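Here is a short briefing on a complex of chains, written to be read beside the model. Please have a look at the structure first, and then we can walk through it together.

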Amino acid sequence: MEHDSIALIKEMANGSREAFRQFYQKHASLAYTFAMRILQSPSDSEDLLQEVFMQVWRQASRYSKERGNPEAWLITITRSRAIDKVRSKRRADKGVQKVEDHVKTATEASESSVASKSLAKLTVSGALTELNAEQKEVVELAYFDGYTQTEISEKLGIPLGTVKTRVRSALKKLRGVLTTKESETN
Amino acid sequence: MDQEKWLELAELYAIDALDGQELKDFEVHLAAGDNLCKERIQEVRESLSVLPQSLSLIAPPVGLETKVMAQIEAHPNVAPQGAFEIAPPKPSLGWVFGLGFGVLALAAGAVFILNQNNEQKLNDVGMQLKEAKQQVVTLQDELQQAKSANQEVKSEFEAQLKQFREASKSELLTLQQSLKDMDAQKIKMQKMEEEMKSGWAEKNNMMKVLSSPGVKKVSMDVLMEGVDAKAQVYWHPGMKQGMMMSTGLPEVEGTEIYELWAIAGENAPVPVGSFTVDKDGMAYVNVENVPSDMIIDTFAVTLEPTSGLQAPSGPMYLAGSA
């Protein structure tokens, strides 16, 4: 599978549109699902996917395995662009929120926010279920929602040091899961 | 800061959670070349790539593939020869490599990260610039369309307004004319009404006179040769009022007019009524302006060249003794 994708990237680098089409068909669902999880919007995700695959096409010749396997490379590109967008949107929403705060009670705003988020979230299974609730929470906030460590600390009302500890322990566990899976595959 | 601390920051950096001064310090450290950190970043990113794969997959919208393919059609991808190289398996960095190789690797790592970052940023900026340009073009198009639509609406409105004004003006003129006509008609009707009232009053008065017991009928003889006429004067000597009726008198020409005269003895005739006749030679004329002390013994009709004469000058057509 991975070798197939590498071969497709090599052909893309030489200008093969057919290879690009196959690469798209193979990985578009993953990239779109990931974009949807971060952006929570079909139209934004669609736009993002176009940008991502344009970048894949243009940078195919610069791909190397050091950038990760093809799927990891695609996921890194997708996440980088999606996080930029979601952070930019969050900055804009902050301005709106300030205005809304004057007309809504804190309780109403909080309830509305929680309700909309829970509706929009996509289910994550697999590796993330290996984490405890606290680890899972910080990883989701950082990896899927694009919050920085300081923002997570403020959002959860916990010290910055605790955020770092939880992130680190979560990542250590995830690396362990990956290593185990790779061993099982091999 | 010890290596362990840098590696901790590398993990946070790998998921873009690092911020503030720590982010700046770490980027400087990374640019200086720390393969262990670089490896850790790579390792974390690759590990976390399993997370999206754990999501329940959603198929992208139908038609997106066509859009994406159309996009790349517009951007041919011709790679320089030998640009694509699959990197060999990652060498295990450590003491087995000599110091020289370590220095080279660190330098190469720094250059790689710098290049990678710069390249990524350039791509991002380029993409954002392209999007911004596209948005500007779209906005310009929309603005132009809005202006054009606005101009069309304005022109149409002005044309309709002009048409409406012209129609209104024409209608107003028609209405004004109608109003004038109606006013003229009204005046005419009022005049007719007054005339009718006056006529009725005269007729009533005359009927009273004619129905009074003292009325005398004076038959007029025709004195003009070739004229076949008949005429009578109904005269009330007490009231000094009366009426003459005639038929068969010839029509007058130009300013000519018939004049009825009252004659008392040897006194000069007094004009007591002027008249013309219709095409049948018929005429009705009231006997008016008879002096109160005049005792009439003869009525006569002459044809005068014009009205208002105080003495007869024309030929006598009729005469009768009262």
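In the largest nonpolar core, which has 64 residues, A:A35, A:A142 and A:V167 touch the most other members. Such a core is a set of buried Ala, Val, Leu, Ile, Met, Phe, Trp, Tyr and Cys residues joined through C-beta atoms within 7 Å, where buried means that 20 or more other C-beta atoms, placed from the backbone, lie within 10 Å of a residue's own. This is a predicted model: local features need pLDDT of at least 70 and side-chain atom pairs pLDDT 80 or more, while totals for chains, interfaces and linings use all residues. Residues are numbered from 1 along each chain as its sequence is written, with chains lettered from A and ligands numbered from 1 in the order in which they are written.

- A second, separate core of 21 residues includes B:M220 and B:Y317.

**Contacts between chains**
- Leaving out residues up to four places away in sequence, A:V167 touches A:V138, A:V139, A:A142, B:E11, B:L12 and B:A17 (C-beta atoms, placed from the backbone, within 7 Å).
- Overall, 59 residues of chain A are in contact with 48 residues of chain B.
- On the chain A side, α2(A) gives the largest share, twelve residues.

**Confidence**

Conventions
Two residues are in contact if their C-beta atoms, placed from the backbone, lie within 7 Å. Helices (H or I, at least four residues) and strands (E, at least two) are DSSP runs, numbered from the N terminus. A residue is buried if 20 or more other C-beta atoms lie within 10 Å of its own, exposed if 12 or fewer, and partly exposed in between; C-beta atoms are placed from the backbone.
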